[in-house]
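Colleague: Could you walk me through the fold and the aromatic pairs of a model?

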Amino acid sequence: MSIHIIIDGYNLIRQSPELAGMDRQDLQLGRDALVDMAAAYKKLKPHKITLVFDGSPEPTLYGSRDRVKGIAIRYSQGGESADDVIRRMACREKAKALVVSSDREVMTAAESAGATVLDSASFEEKMAMARYLAVKGGEETVSSGWVPTTRKKGPSRRLPKRKRKARARVDKL
């Protein structure tokens, strides 16, 4: 099952120290840097990625959709916010969607629609790790050796099925 990553663009830009500095210089510079980061991530992990930004409150002659470097870019239309667009997309995609935002309302709405949610800082960290591993040329190493412990295991420690599926989707990033 492929994952559709829906990113709250301005939220991620303003949560990231690196992108926020560019955003303060020029709004377009911050958006372009985020598109470049997402495109580099897409080369490593071939998930469908959509960046959602707040559009102009006035109707424009230009379309509300764009595609740059394989990344879909959506702008909200007049009278609606990017949060509304993200909620609608999460409702349509349901379990296939992974919503990246630090906005609590967006996260709650997406989660109730059946989508997996991830905060902006965690996703930026995942993108940086993927970039690092691509440069290094290695994969994440997981220790499969036995670790002595007295901690009990079993069904009483198991997460609910919905949370296990959400964790599996996040692990695919």
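This is a predicted model: local features need pLDDT of at least 70, side-chain atom pairs count only at pLDDT 80 or more; totals for chains, interfaces and linings use all residues.

Colleague: What does the secondary structure of the protein chain come to?

Modeller: Helices (H or I, at least four residues) and strands (E, at least two) are DSSP runs, numbered from the N terminus. Here the protein chain has seven helices and six strands, in the order β-α-α-α-β-β-β-α-β-α-β-α-α from the N terminus on.

Colleague: How many of the residues are buried?

Modeller: Buried means under 20% relative accessible area, with a 1.4 Å probe and protein chains only. Of the 173 residues in the protein chain, 37% are buried.

Colleague: And how is a pair of aromatic rings described?

Modeller: By the distance of the centres and the angle of the planes. Rings of Phe, Tyr and Trp (its six-membered ring) pair if their centres lie within 6.5 Å; planes under 30 degrees apart count as stacked, over 60 as edge-to-face and the rest as tilted. The whole structure has three aromatic pairs. The ring centres of Tyr-41 and Phe-123 are 5.6 Å apart with the planes at 70°, so this pair is edge-to-face.

Colleague: Where do Tyr-41 and Phe-123 lie?

Modeller: Tyr-41 is in helix H3 (residues 27-44) and Phe-123 in helix H6 (residues 120-136), so the pair ties together parts 82 residues apart in sequence. Both Tyr-41 and Phe-123 are buried. Elsewhere, Tyr-10, Phe-53 and Tyr-75 form one aromatic cluster.

Methods:
Residues are numbered from 1 along each chain as its sequence is written. Side-chain values use heavy atoms; hydrogens and water are left out. Buried means under 20% relative accessible area, exposed over 50%, partly exposed in between (1.4 Å probe, protein chains only).
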